[in-house]
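Keep the 3D view open as you read.

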Amino acid sequence: MTAVHGSTVEIPTQDGTADAYFVHPEGDGRHPAVVLYQDAFGPRPALNAMADRLAAEGYAVLVPNVFYREGRAPVVQLPAFIDHENRGELFGQLMPLMQGLTPDLLVADAHAYLGWLADRPEVAEGPVGITGYCMGARLALYTAGAYPDRVAAVGGFHGGRLATDQPDSPHLAAATMTAEAYFGHADQDQSMPPEQQERLDKALTEAGVAHRSEVYQGAGHGYTQSDTSEFDAEATERHWAALLDLFGRTLRG
């Protein structure tokens, strides 16, 4: 695996400064860019380690703190391990932050993230990939729909509420997407039931978006997050295989 260099960076936005983790292969090369959108718990060592692994495969990876308006990461004090006993209390604190990040705010922030990446000497010219986890899968869809000229690939894993009946549902971004997409749904995920999976696939198909959706049998919501009780090592490796295949075909040209 390639050695990588990671650091905390500051990204100016229309509403202030977003702190973020940025990691890329060591050396002077330029690499395809990826935005890695957080789950609700936000940037932290376990999520940064996922970015490191992706960077070791040859990508320049940005993990923005999407809750930066409320403070630097971690915005909420997190335990070393997130389990069923402390999850409810944490979500009580996080839910207002999630609800406050509207699609319009996210799209404006994404403009700043993409612009910052385009100016970095470590980043190659060309399209960008997006991968998102839990709530991050929604953010990935919004970003791809808003910036079809920049985003060539979208990976969404154990995403929730991706295809609701609301007027701002993420699946409606399919109408303007040009990116290829892959979704790895968690099995029996109450936040992404079969009817939403079907609605998402229907929207992508009707919009002519190349995509593949799979249900990871036996894997719970949050299966890629190693510092939580939902972590599933087998499902996580399956996710890596799918994501690297997607980015390899779409970002390396």
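## About the model

This is a predicted model, where local features need pLDDT of at least 70, side-chain atom pairs count only at pLDDT 80 or more, and totals for chains, interfaces and linings use all residues. Residues are numbered from 1 along each chain as its sequence is written, and side-chain values use heavy atoms, leaving out hydrogens and water.

## Rings that pair up

The structure holds seven aromatic pairs (rings of Phe, Tyr and Trp, the last by its six-membered ring, with centres within 6.5 Å; planes under 30 degrees apart are stacked, over 60 edge-to-face, the rest tilted). Tyrosine 133 and phenylalanine 157 have ring centres 5.7 Å apart and planes at 20°, so this pair is stacked.

Ring pairs also link Tyr133, Phe157 and Tyr182 into a cluster. Tyrosine 133 has 0% relative accessibility, so it counts as buried, and phenylalanine 157 is likewise buried at 0% (buried is under 20% relative accessible area, exposed over 50%, partly exposed in between, with a 1.4 Å probe and protein chains only).

## Charges over rings

Which residue lies over the face of tyrosine 216? Arginine 238 does, at 4.0 Å from the ring centre. Over the ring of tyrosine 59 sits the charged end of arginine 252, 4.4 Å from the centre. For a charge to sit over a ring, NZ of Lys or CZ of Arg must be within 6 Å of the ring centre and within 35 degrees of the ring normal.
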